[in-house]
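My entries follow the order in which I looked.

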Amino acid sequence: MSQFPLRRGSPDEEFPDLSRNHTWMGRILTAAMYRRQFHRCTHSGVLFDDVIRPGLEESGDWCSPASVGCVAGDVESYILFCDFFDRVIEAHHGHKITSQTPESDFNCDNLKGGEDLDRSYAVRCEVSVVRGVEGFCFPTHCSRGERRELLTLSRRALQRLEEDLPGRLLLLEDLTQDQQRELDFDPPSDSQLRIGVARDWPDARGVWVSKDGSLVVWVNMEDHLRLVSTRDDANITEAFRCMCINLQKLEDLCRELKHPFTWKQQLGWVSSSPADVGTGRPEETEALHGQHRFPSAVLCEQLVTFGLSEVGLTQLVVDGVKLLIAMEKRLEVNGDIEGLIPAQRVDLDD
């Protein structure tokens, strides 16, 4: 984000070269749209150039087409720059934004088949969710003081959560190498350094770990909070149940502390990346394939978080993994899988 007041030219002079930019930002941003956003600034100081800068630094033939190429510095960014962000969100998630509040469903009993994935093929599963906290800029734009204040708030909320789920908060700067390996923790990537989420690293970053290992909560990383529930038995129903129960408890605790999670009526939950808005969460299941021929593993991941409820998005993962397992079993006996292949991609608008 902006560190110094820059002497800027006119919008036409400042419009970036997007000829080799394959992010959603690069495909959607036009000169006319840039002119409309150019002089706008949120109350915390986020400019439109701050929003699109990550995508400009990803330009090139190597850039992932799935990258949104932009970040929000604060909640107001989604409002002030809505004609840009709305189009990016619709393109990335394949779902139209309407005036209706996104559907939400935390009822674990509505999820079907997630507890009986074939353990000969399904190895492990993970359910994760990110949340922003009201009253703070997102990590791409926050100050040291804000980051430290959020860590203090999170510590208070997590201490209350420990009444039902024992655990402890560890500061990143205090993690041993063994703990880092156990948590699968990596130092900041070049991308994280470029977009500013790793400023003052590792100051005021932490990770809360439940005693039974069922839940991990990362604080002040790419987002304010990131909750992860992992199971080595691939029981995605139980991982989903753990996430839903503790996420709702943490939400209530933060609200009691006068800092509810960030929510916008037409988008659902919002955080720094447009890729994570909505009611959903990323889920992934690791499945073995070719067991008797070429042992390896494939990661099945749900990237869409907008357009369906929490249960609906998780159900897509469960159904997709079961379909892959059915295909693999048929291939192992030299069978034909043509009849199992879906006729077309699921349209979330239907």
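Which residues does Phe261 touch, not counting residues up to four places away in sequence? Working in what is a predicted model, I listed Arg131, Gly132, Val133, Glu134, Leu225, Leu247, Leu250, Glu251, Cys254 and Trp269 as the residues that Phe261 touches.

I then looked up the largest nonpolar core, which has 44 residues, and noted that Phe261 is among the members touching the most others, together with Leu215, Val217, Leu225 and Leu227. The elements that give two or more residues to this core are strands S1 (122-131), S4 (216-219) and S5 (225-231), along with helices H7 (144-161), H10 (236-256) and H11 (310-332). I marked H10 as the element that gives the most, with 10 residues. Another core lies apart from this one and holds 27 residues, including Leu29, Met33, Ile52 and Phe85.

Next I turned to Asp50, which I found in helix H4 (residues 48-57).

My last entry concerns Asp232, which sits in the loop between S5 and H10. Asp232 counts as exposed because its relative accessibility is 59%, over the 50% cut-off. Leaving aside neighbours within four places in sequence, I found Asp232 in contact with Arg119, Val123 and Arg124. I also noted that Asp232 and Ala122 are 110 residues apart in sequence, while their C-alpha atoms are 9.3 Å apart in space.

Methods. Residues are numbered from 1 along each chain as its sequence is written. This is a predicted model: local features need pLDDT of at least 70, side-chain atom pairs count only at pLDDT 80 or more; totals for chains, interfaces and linings use all residues. Side-chain values use heavy atoms; hydrogens and water are left out. A nonpolar core is a set of buried Ala, Val, Leu, Ile, Met, Phe, Trp, Tyr and Cys residues joined through side-chain atoms within 4.5 Å. Buried means under 20% relative accessible area, exposed over 50%, partly exposed in between (1.4 Å probe, protein chains only). Helices (H or I, at least four residues) and strands (E, at least two) are DSSP runs, numbered from the N terminus. Contact means heavy atoms within 4.5 Å.
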